[in-house]
Protein chains: 2
Amino acid sequence: MHIHKLFILIVLLAFSNTVSSQTDETVIKDIYHTSLTNGKSYEWLEYLTKQIGSRLSGSLGAERAVTWTKEELDKLGLDRVWLQPVMVPKWVRGAKEYAYIESAAGKTTSVNICALGGSVPTPALGVKANIVEVHDFEQLAALGTAGIEGKIVFYNRPMQTDLINPFDAYGKAGDQRRQGAFEASKYGAVGVIVRSLNSRLDDLPHTGNMSYRDLPESKRIPAAAISTNDAELLSTMLKLDDNIKFYFKQNCKQFNDVQSYNVIGQITGSQFPDEYMVVGGHLDSWDLGDGAHDDGVGVVQSMDVLRLFKELGIKPKRTIRVVLFMNEENGSRGGTKYAEEAKRNNENHIFALESDSGGFTPRGFSFDCNDAQFGNIAQWEPLFKPYLIHYFEKGESGADVGHLKNGTTVLAGLFPDPQRYFDYHHASNDTFDAIDKRELELGTATMASLLYLVDKYGIK
Amino acid sequence: MHIHKLFILIVLLAFSNTVSSQTDETVIKDIYHTSLTNGKSYEWLEYLTKQIGSRLSGSLGAERAVTWTKEELDKLGLDRVWLQPVMVPKWVRGAKEYAYIESAAGKTTSVNICALGGSVPTPALGVKANIVEVHDFEQLAALGTAGIEGKIVFYNRPMQTDLINPFDAYGKAGDQRRQGAFEASKYGAVGVIVRSLNSRLDDLPHTGNMSYRDLPESKRIPAAAISTNDAELLSTMLKLDDNIKFYFKQNCKQFNDVQSYNVIGQITGSQFPDEYMVVGGHLDSWDLGDGAHDDGVGVVQSMDVLRLFKELGIKPKRTIRVVLFMNEENGSRGGTKYAEEAKRNNENHIFALESDSGGFTPRGFSFDCNDAQFGNIAQWEPLFKPYLIHYFEKGESGADVGHLKNGTTVLAGLFPDPQRYFDYHHASNDTFDAIDKRELELGTATMASLLYLVDKYGIK
């Protein structure tokens, strides 16, 4: 009898163990199945990119994206959908830029440029000056005022192709774009031309944010990106004759801040409504393409995570929010605002996941958390192996959810295959046709599966 | 003194250990660095796809590819480069196919089809008949002669989108293309139209091999692939009116076998010249595109593996061969011939790696070997982690090297990200622009690194 009871107990334990572990596997399988056969991400992304298009902060596109995503979230039967007001900067490119290289003999060669976000315009008739190539701020400082004054500075340090993750190469080359004008203005430069942060050679200029910091308006010089092919051309022409001139004209303008919004939808937790989990991406984009990879993908995947929960009848124990952040690209005001409000309302955010690295095949996640938390989360990795997800590493999360960092909230970023991201980043080819439906939907399912596990087991 | 000697010995051992483990890491780092900054794969692929183009067995393109790859290998300073003769089938598509759906009222709608490789032509004026949709051979058998005779059979079972690896979905749907005509002819069908083996919806028909087995010529019926969009259209029109007719005309022809070649280059091993390692891909392609992903990629990556060895001064202890196999697509004669010759010459092949799954970001390798061998190879996996390579699994290798299977030779296949492969497979969009330079070069480096390890440590 004693033995019988023990036997039954063992059987029951074994059974409950099996059921519990099968349940996670089954739910995750359902999530992937539904995302791949009945997903909404791709359809939503088509609308966002082709019907709305680019969504630079303060633009009509951004305004329409706020209205439309709220309407779509309203249809999902969530517990709450609302707009969180946030003031955003408004920078407008104006008429297309124009630039050429002029030889000593007066022969001109047109090149492809675009103003960097936040740049001042050139004078109405443009800037023409000698141009000097540098690879970093040390070279710039070595040339000093004597070598720079009255000239245009050409930053031409390429993204390092032998770094396996192009995001590392982007990090190492990014100072040229962000601080190049600020640094060059110290020595009296009249403009800067920056090699596009693109890992391949093509004809597209890639925009992106730059800053003058605290420079007075009178000291601010226009800054533009040049395509990688034209950067190579310009460099070659400079080697042949360092007396060539560069002309460019851009027509951008900074306006006063305007009202905008983060868009938020929520399913309230059934057991622990005061524990918050966030999944999000950013609603704004640069103005040259349609913001498909950056970050239409993150927007529609995050929306689809909540839709999948509803569709599959997963009723979260904890509160899950989709947050579509405004103004990641040139101010991060939406991320800042969301974190401020969360703090003001004493909301206990246990987890926040961002998708802002493109719509390529998901490889895993990068976690910004402590070692103990990471150790617990890493135990889930085997559940993802059938879906070809192998990357669970500590690292950065996302520019928007990053504002929630407080030492206890676990922050995470979806890690899609990174190789082609900078082919499209901030350029006119970041459009719907650059997105593969399956890859997008696999990303959505990967995000939903992680949120399912965080909800079920909490963060330890 | 005794202690001193022991101390020195320990220091030496520690040092040699460190050097040895650092050496693998350093060599692999050099391989990736060189492939990404000074690779030849991409330039070679551009020539192969854009200057030579499609390379169906027996075609002028295939002949030119043999000549050109041999010439390129000749330039590398290998120990031996030669052509291995092999007779191959010659099937020619002829003039572009033409097809339409005809409503009961006589209204016609054009659709995109292409003859399947190996198919007989239609009569000169084409075939027009009622058409009946089935999803598998059981449905076909259930309809039987009464339901099929005199009609065209339309196989319309899609690739399953919820299988994570599309190669699995391809495997499950492929019987329609390969055996569809053979099966339908049993019941008196006059032709078959097969839904393209493409995981997405688009307008491109995808060809591929089919077989009539031992059917007498008189029983052979023409077989064509239809684009996935047109398969959906045809299915819808059949649901609206099952009395519609389908017309198609194709002009293909089977010729007598012709002479062709495998192209082989070799670096002879310095210590164990009688242990052979093969790295290869297939030189032939289908005729609709330029055979970029399938398998121009495998050709240029394999060539570049040997070039990297030379460039980096890696002198293999074992003999390494690049083998560019002819006729993988419609006969596998090159793979068969190479294995026959290897056996006839008593060559001890310890390892053979094939790249024939596209030029996408490499994820790892699939190994066809025994558990003990796999256990030893899997110990190298951590060396690949810095390169975002996480997939070392037992599985299939490649159609060409597969012929070397003998229970001791370890066979392997490069495993690139599989999600987009069937977007291009056997279709007219399998062209150079579908290849990303970085992804291609990462694949080359991943292959070269594995061969370096196999050479250094052998197969245990």
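The following conversation goes through some terms used for this predicted model and sets each against its values.

Visitor: Why are helix α2 and helix α13 of chain B called roughly perpendicular to each other?

Guide: The axes of α2(B), residues 41-52, and α13(B), residues 437-457, cross at roughly 115°, and angles of 65 to 115 degrees count as roughly perpendicular, so the two helices are described in that way. Their axes come within 9 Å.

Visitor: How do you know that α2(B) meets α13(B), and which residues are involved?

Guide: Contact means heavy atoms within 4.5 Å, and by that criterion S41(B), Y42(B) and L45(B) in α2(B) meet K437(B), L440(B), E441(B) and T444(B) in α13(B). Sorted by class, this contact of α2(B) with α13(B) has 3 nonpolar, 2 polar and 2 charged residues.

Visitor: What makes β3 and β4 of chain B edge strands?

Guide: Their sheet is an open one of 8 strands in chain B, with mixed pairing and the order β3-β2-β9-β5-β6-β7-β8-β4. Both β3(B), residues 108-110, and β4(B), residues 113-115, pair on one side only, and they are the edge strands.

Visitor: What makes D24(A) and K456(A) a salt bridge?

Guide: The side chains of D24(A) and K456(A) meet at 2.8 Å, N to O, and the cut-off for a salt bridge is 4 Å, so the pair qualifies. The pair links distant parts of the chain, since D24(A) lies in helix α1 of chain A and K456(A) in helix α12 of chain A, 432 residues apart.

Visitor: What area do chain A and chain B bury between them?

Guide: Chain A and chain B bury about 2,700 Å² between them, with 54% of it on carbon and sulfur atoms. On the side of chain A, I164(A), L388(A) and R438(A) supply 26% of the area buried against chain B, more than any other three residues. The contact takes 29 residues from chain A and 29 residues from chain B.

Terms used:
Residues numbered from 1 in each chain as written. Chains lettered and ligands numbered in written order. Predicted model: local features only at pLDDT ≥ 70, side-chain atom pairs only at ≥ 80, totals over all residues. Heavy atoms only, no water. Axes fitted to C-alpha atoms, helices over the stretch in contact; angles between N-to-C directions. Helix = DSSP H or I, 4+ residues; strand = E, 2+ residues; numbered from the N terminus. Parallel < 35°, antiparallel > 145°, perpendicular 65-115°, else oblique. Nonpolar A, V, L, I, M, F, W, Y, C, P; charged D, E, K, R; others polar. Pairing = 2+ DSSP bridges. Buried area = accessible area lost by both parts, 1.4 Å probe.
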